[in-house]
Amino acid sequence: MLQLLTFLVEKLSLFSKFKLFESSWSDGEDQDRERHTQRGPPPPIRRGDLLEVPRSLFTHYGIYIGDNKVAHLIPDILPVLTDDKKLISSVITNKRLILGCMYRCATVRVDSVEDFAYGSSILVNRMDKMMKSQAFSNEDVAKRAEKLIGAIPYSLLWNNCEHFVTYCRYGCAASRQTEKFCECLKLIIRDQRSVIATVLLGVISIVCFGMAPSTTLPTILIPFTLWMAG
């Protein structure tokens, strides 16, 4: 089952090419990259800078705290299973990440810039142009991030890596990725074709598995809920 989930996450990452769940901070990203290319090498990263890299379906965020280290919030099941710090400090695999999401367990951990980037390009402080709140001083940002290092409850929608960095840098936890995902979900719910699709799936389940509460009730309740919500 876990291998199937890992496979699905990896394959669904192909949708990132269509920018369905990408953070809406990414508007104009290509223009930013072009400007950086034209201006030559980017300036060195400073302590307290907000870093972002594309990962799977989403953009991952962290706070640079100096000495080639990044503090970032990421799901991880291993701290629940072992106290071996050396093992926990190793690079988080997809399986560890998925189990951490399911168990709602995460840590604000410190990794090298290379491990944080995971082979992707890094964008620096791009949110500063888009957030309404003024960024704190870089030193204050880094100190706020360092205070949160350790285990922390995780929620994919309400307490993820983007909430962490926006809290540290702007004082207000927010996630445009979550907002965009909820907007997509709302569009799906409002689309009446979703009702038809769930009815058809329900009928197929009844035909395949027979009349039973486990098949009949979802066939009635799910389309009805979608109909009322739409």
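Mentor: A residue counts as buried under 20% relative accessible area, as exposed over 50%, and as partly exposed in between. Keep in mind that this is a predicted model.

Trainee: Why is E146 called partly exposed?

Mentor: E146 has a relative accessible area of 32%.

Trainee: What makes R47 and E146 a salt bridge?

Mentor: Their side chains meet at 2.9 Å, N to O. The cut-off for such a nitrogen and a carboxyl oxygen is within 4 Å, so the pair qualifies. R47 sits in the loop between α2 (29-39) and β1 (50-55), and E146 in helix α7 (residues 138-147), so the contact ties together parts that are 99 residues apart in sequence. R47 is itself partly exposed, at 26% relative accessibility.

Trainee: How do you know that E52 and R126 form a salt bridge?

Mentor: The closest N and O atoms of E52 and R126 are 2.7 Å apart, and the criterion asks for within 4 Å. E52 lies in strand β1 and R126 in the loop between β5 (123-124) and α7, so this pair joins parts 74 residues apart in sequence.

Trainee: Are E52 and R126 buried or exposed?

Mentor: E52 has 3% relative accessibility and R126 has a relative accessible area of 6%. Buried means under 20%, so both residues are buried.

Trainee: Why is the pair D111 and R109 called a salt bridge?

Mentor: Their side chains meet at 2.8 Å, N to O, where within 4 Å is required. D111 is at 10% relative accessibility and R109 at 9%; with buried set at under 20%, each counts as buried. D111 and R109 also belong to a network of salt bridges that includes D76 and R96. A search of the whole structure finds eight salt bridges.

Trainee: What lines the largest cavity?

Mentor: R109 and D111 are in the lining, together with R55, H72, I74, V91, I92, D115 and F116. The elements β3 (69-75), β4 (105-112) and α6 (113-117) each supply at least two lining residues. About 70 Å³ of space lies in this cavity, and one cavity of 30 Å³ or more is found in the whole structure.

Note on methods:
Residues are numbered from 1 along each chain as its sequence is written. This is a predicted model: local features need pLDDT of at least 70, side-chain atom pairs count only at pLDDT 80 or more; totals for chains, interfaces and linings use all residues. Side-chain values use heavy atoms; hydrogens and water are left out. On a 1 Å grid over the protein atoms alone, a cavity is a set of points where a 1.4 Å probe fits but cannot get out, and a pocket is an open set with protein on both sides within 12 Å along at least five of seven lines; lining residues have an atom within 4 Å of a point. Grid points are joined across faces, edges and corners, and a volume is the space filled by probe spheres set on the points. Helices (H or I, at least four residues) and strands (E, at least two) are DSSP runs, numbered from the N terminus. Buried means under 20% relative accessible area, exposed over 50%, partly exposed in between (1.4 Å probe, protein chains only).
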